[in-house]
Amino acid sequence: MRAARLLQILLILQNRGRQTSAQLGAELEVTPRTILRDVDAMTEAGLPIIVHPGNQGGIELGFNYRRRLPGLTKDEAQALGLILNAENPMVATLGL
């Protein structure tokens, strides 16, 4: 489920712009701390995510970053996450 959540975070930031960890956590039904751990993982993976601290802060994608995942619904993103997390020889063959 984590991979699906990471995709959802990416899509939300891409479509809505700056969000707080509390906003993201409420929508994805996890704690704000879980969102911050996910953001750390996404940053380590090379995504240009900027975290602004403080009262007017939030999380946003930097450098006008856009990832093309058009039209994925929540269920589709979760299904994609499950497929990519599963040990499947076909997925390994694709190098994913």
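Mentor: When I say contact or touch, I mean heavy atoms within 4.5 Å. This is a predicted model, where local features need pLDDT of at least 70, side-chain atom pairs count only at pLDDT 80 or more, and totals for chains, interfaces and linings use all residues. Residues are numbered from 1 along each chain as its sequence is written, and side-chain values use heavy atoms, with hydrogens and water left out.

Trainee: Let me back up. How many helices and strands does the protein chain have?

Mentor: Five helices and two strands, in the order α-α-α-β-β-α-α along the sequence. Those are DSSP runs numbered from the N terminus: helices are H or I with at least four residues, strands are E with at least two.

Trainee: And how do the strands β1 and β2 run?

Mentor: Antiparallel: β1 (residues 49-52) is joined to β2 (residues 58-61) by four bridges. For pairing, DSSP has to find at least two bridges between two strands. Isoleucine 49 has leucine 61 in β2 as its bridge partner. The two strands make a hairpin with five residues between them, and glycine 54 in the turn has a positive phi of about 95°.

Trainee: Which residues of α3 are buried?

Mentor: Thr34, Ile35, Asp38, Val39 and Met42. Buried is under 20% relative accessible area, exposed is over 50%, and partly exposed is in between (1.4 Å probe, protein chains only). Down the axis of α3, the buried residues fall within an arc of 140°, so they line one face of the helix. That arc is taken from the directions from the helix axis to the C-beta atoms.

Trainee: What covers those buried residues of α3?

Mentor: The cover includes α1, α2, β1 and β2.

Trainee: Is alanine 41 in that helix buried or partly exposed?

Mentor: Alanine 41 does lie in α3, but it counts as partly exposed because its relative accessibility is 24%. Its C-alpha is 8.8 Å from that of leucine 6, which is 35 residues away along the chain.

Trainee: What comes after α3, at glycine 46?

Mentor: Glycine 46 follows α3 with a positive phi, near 105°.

Trainee: Switching to the core: which residues touch the most other members?

Mentor: In the largest nonpolar core, with 13 residues, those are Ile9, Leu13, Leu24, Ile35, Met42, Ile49 and Ile59. α1 (2-16), α2, α3 (32-44) and β2 each supply at least two residues, and α1 gives the largest share, four residues. By nonpolar core I mean a set of buried Ala, Val, Leu, Ile, Met, Phe, Trp, Tyr and Cys residues joined through side-chain atoms within 4.5 Å.

Trainee: And serine 21, why does that count as buried?

Mentor: Because its relative accessibility is 18%. Serine 21 is in helix α2 (residues 21-28). Leaving aside neighbours within four places in sequence, serine 21 is in contact with Pro32, Ile35, Leu36 and Ile59.

Trainee: Last one: how many residues of the protein chain count as buried, as a percentage?

Mentor: 32% of the 96 residues. As for contacts between residues at least 6 apart in sequence, 54% join residues at least 24 apart.
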